[in-house]
Amino acid sequence: MIDDMQSDHEQRVSDIAKEVAGFFEQKKAFRIYHGSTNSTRILEFKRDEMIDVSGLDRVLSVDVGSRTALVEPNVPMDKLVTETLRHGLIPPVVMEFPGITVGGGIQGGAGESSSFKYGCFNQICQKYEMILANGQFTDVSPQKNADLFYGTAGSYGTLGIITAAELQLIPAKRYVQLTYLPVRSFTEAVETIDRVRNEQYDYIDGIMFAAGHGVIIAGNLSDEINGKLQRFSRAYDPWYYL
């Protein structure tokens with residue numbers, strides 16, 4: 001099954017590379033169609049000026065031994081997490097909207113979804129498969145074509161089309177144990193974050209509800225329930241800020 005999926009992936013990538021090469025030979029500009037989008041802008045595409053990569057939407061493999069996943073760019077966060085959880089693993093950084101895709105998180109920046117331990121989403125990526133503007137297919141990593149590997153983050157696809165990314169994974173646990181630390185000013189919030197970031201936490205977040213009222217939230221992955229189990233995803237659950 002995995003071999004069949006990989007073979008199909010290679011064929012799709014080969015077809016896309018030929019299309020890109022055709023535009024290059026004609027010196028003709030084109031746009032990249034990803035399918036679904038979180039953008040509220042009105043988008044218009046002409047089929048003869050478009051590269052369609054919407055079909056690259058699968059988790060190709062999960063390697064438990066190396067704790068990595070090979071993922072096509074249009075895999076959304078909810079699908080990515082569902083697939084990796086089957087193997088007892090999760091990405092260290094998961095962007096907050098379920099529909100944000102792997103490729104969008106890399107080339108679109110996704111700076112609002114970062115980790116104090118791991119950085120932005122692109123920093124959990126170990127290598128990319130890419131098609132360059134002339135249709136050439138290549139692998140990029142910190143060891144190979146490092147300038148392109150680091151430069152493609154936040155480039156919005158201007159340096160090439162990502163066709164797959166190898167992501168770092170970490171062991172998953174059943175719950176997240178949260179500690180709420182009230183703060184009374186922005187200065188105290190910053191000081192609290194500076195303090196807890198050096199402690200043994202997996203996650204840190206913060207909300208200022210008003211100039212004199214906020215909370216810093218520190219979280220740890222856990223397999224045990226220590227306190228009240230609270231969910232926020234069901235229709236009858238309280239809003240998180242409550």
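The model is predicted, so local features are taken only where pLDDT is at least 70 and side-chain atom pairs only at pLDDT 80 or more, while totals for chains, interfaces and linings use all residues. Residues are numbered from 1 along each chain as its sequence is written, and side-chain values use heavy atoms, with hydrogens and water left out. The chain holds five helices and 12 strands, where helices (H or I, at least four residues) and strands (E, at least two) are DSSP runs numbered from the N terminus.

**The chain as a whole**

- Along its principal axes, the C-alpha trace of the chain spans about 60 × 40 × 40 Å.
- Of the 242 residues in the chain, 37% count as buried, a word that here means under 20% relative accessible area, with exposed meaning over 50% and partly exposed lying in between (1.4 Å probe, protein chains only).
- The chain exposes about 14400 Å², of which carbon and sulfur atoms supply 51%; such areas come from the Shrake-Rupley method with a 1.4 Å probe, and for residues only the protein chains shown count as cover.
- Among contacts (heavy atoms within 4.5 Å) between residues at least 6 apart in sequence, 58% join residues that are at least 24 apart.
- There are 23 positive and 31 negative side chains, and the centres of the two sets lie 3 Å apart; Lys and Arg count as positive and Asp and Glu as negative, while His and the chain ends are not counted, and the place of a charge is taken as NZ of Lys, CZ of Arg, CG of Asp or CD of Glu.

- Strands of a sheet pair through backbone hydrogen bonds, either parallel or antiparallel, and two strands are said to pair here if DSSP finds at least two bridges between them.
- Five strands form an open sheet in the order 3-4-8-6-7, with antiparallel pairing.
- Strand 3 (59-63) and strand 7 (137-140) stand at the edges of this sheet, and because each has a single partner strand, one side of each is left without a neighbour in the sheet.
- On average, neighbouring strands of this sheet are turned by 15° against each other, direction ignored; the axes behind such values are lines fitted to C-alpha atoms, for helices over the stretch in contact, and angles run from 0 to 180 degrees between N-to-C directions.
- Strand 3 is joined to strand 4 (residues 68-71) by four bridges in the antiparallel sense, and Ser61 has Leu70 of strand 4 as its bridge partner.
- Strand 4 is also joined to strand 8 by four bridges, again antiparallel, and Thr68 stands opposite Gln168 in strand 8.
- Strand 8 (residues 161-168) is mostly covered, since seven of its eight residues are buried.
- Strand 6 pairs with strand 8 in the antiparallel sense over six bridges, and the partner of Cys125 in strand 8 is Leu167.

- Three strands form an open sheet in the order 10-12-11, and the pairing is antiparallel.
- The edge strands are strand 10 (175-183) and strand 11 (203-210), each of which pairs on one side only.
- From one strand to the next, the twist averages 20°.
- Helix 5 (residues 186-196) packs on this sheet, touching strand 10, strand 11 and strand 12, and its direction makes about 140° with that of strand 10.
- Nine bridges join strand 10 to strand 12 (residues 213-222), which run antiparallel; in strand 12, Gly214 is the bridge partner of Val183 and Ala218 stands opposite Thr179.
- A hairpin joins strand 11 to strand 12 through two residues.
- Strand 12 is mostly covered, with eight of its 10 residues buried.

**Two single residues**

- Met50 lies in strand 2 (residues 50-52), and Met50 counts as buried because its relative accessibility is 8%.
- Met50 and Ile32 are 18 residues apart along the chain, and their C-alpha atoms are separated by 5.7 Å.
- Asn122 sits in the loop between helix 3 (102-107) and strand 6 (125-131), and with a relative accessible area of 18% Asn122 is buried.
- Leaving aside neighbours within four places in sequence, Asn122 is in contact with Ile106, Tyr128 and Ala153.
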